[in-house]
Amino acid sequence: MTHPISLVVTDDLKRSRLTVFFRLLLVIPHFIWLWLWSILATLVLLVAWFAALFTKRVPQGIHDFLASFLRYQVHVYSYMSLVADPYPSFSGIADYPVTASIAPPAEQGRLGVFFRFFLALPAALFSGVLNYFTEVLALFAWFVCLALGRIPEGMRNLLAFSVRFHAQTQGYLYLLTGRYPSFDMS
């Protein structure tokens, strides 16, 4: 059974040496926008939590907003970690070479919703450790991309695994799915 949140990668392995060199500077406006958007997303998540607690489902509009926020995170993290080459838009729409495919809202158990923060802690801790190793690997990938003008497929796939696991963890925490993050490498 496939996970309700999956990563779709259609980007090739070529990387522009110029944008790779300045990648950390180029991503700064996205981090500012991501931080601003996260403030609103936190408030919306609180509303989603109460709604899911009483109706066993996140309302469609709230689900769409949180899904766009998660998709935008995936775009920014994919760009920053060299999984994707094109500069992402600031919208969070699914038109990017590395994006999250997110299933529509589904019924979730009230108990799971009520304790979601605590249930998500192990996955969030693992995601944090994985993100640390991803940053180290992305630094190494930065040198490789500058030298070769492309990223090796295995390196890109390992970085994409990290982005996907983070997206699934965030999606679980944001109540976009009741399914726990998957360690499946496919």
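Analyst: A helix axis is a line fitted to C-alpha atoms over the stretch in contact, and an angle between axes runs from 0 to 180 degrees between N-to-C directions. Helices (H or I, at least four residues) and strands (E, at least two) are DSSP runs, numbered from the N terminus. This is a predicted model, in which local features need pLDDT of at least 70 and side-chain atom pairs count only at pLDDT 80 or more, while totals for chains, interfaces and linings use all residues. Residues are numbered from 1 along each chain as its sequence is written, and side-chain values use heavy atoms, with hydrogens and water left out.

User: At what angle do helix α6 and α7 pack, and how far apart are their axes?

Analyst: Two packed helices are described by the angle between their axes and the distance between the axes. Here helix α6 (residues 116-148) and α7 pack at about 155 degrees, and their axes are 9 Å apart. The two helices are therefore roughly antiparallel to each other, given that angles under 35 degrees count as roughly parallel, over 145 as roughly antiparallel, 65 to 115 as roughly perpendicular and the rest as oblique. The crossing of α6 and α7 is left-handed, a word used if the near helix is turned anticlockwise from the far one by less than a right angle, with clockwise giving right-handed. The residues of this contact of α6 with α7 divide into 19 nonpolar, six polar and one charged. In that count Ala, Val, Leu, Ile, Met, Phe, Trp, Tyr, Cys and Pro are nonpolar, Asp, Glu, Lys and Arg are charged, and the others, Gly among them, are polar.

User: How do helix α3 and helix α4 pack, and which residues in them meet?

Analyst: Helix α3 (residues 28-55) packs on helix α4 (residues 60-80) at an angle of about 150 degrees, with the axes 10 Å apart. That makes α3 roughly antiparallel to α4, and the crossing of the pair is left-handed. Where contact means heavy atoms within 4.5 Å, the residues that meet include Trp33, Trp37 and Val44 in α3, and Phe65, Phe69 and Tyr72 in α4. The residues of the contact of α3 with α4 divide into 18 nonpolar, four polar and no charged.

User: Is His3 buried or exposed, and what does the side chain of His3 reach?

Analyst: Buried means under 20% relative accessible area, exposed over 50%, and partly exposed in between (1.4 Å probe, protein chains only). His3 is found in the segment before β1 (5-9) and, at 11% relative accessibility, counts as buried. The side chain of His3 reaches the backbone oxygen of Tyr180 at 3.0 Å, and a polar atom of that side chain also lies 3.0 Å from the backbone nitrogen of Ile5. Leaving out residues up to four places away in sequence, His3 touches several others, among them Gln168, Thr177 and Pro181.

User: Where does Thr177 lie, and what does the side chain of Thr177 reach?

Analyst: Thr177 lies in the segment after α7 (153-173) and is buried, with a relative accessible area of 5%. The side chain of Thr177 reaches the backbone nitrogen of Arg179 at 3.1 Å. Apart from neighbours within four places in sequence, Thr177 is in contact with residues including His3, Ile5, Gln108 and Tyr172.

User: What is the phi of Leu82, and what is the phi of Leu175?

Analyst: Most residues other than glycine have a negative phi. Leu82, however, has a positive phi, near 70 degrees, and Leu175, which is not a glycine, has a positive phi of about 65 degrees. Leu82 lies in the loop between α4 and β2 (98-102) and is buried, with a relative accessible area of 1%. Leu175 is placed in the segment after α7 and is buried, with a relative accessible area of 1%.

Note on methods. A polar contact is a pair of N or O atoms within 3.5 Å; within protein, one must be able to donate a hydrogen and the other to accept it, and residues adjacent in sequence count only if both atoms are side-chain atoms.
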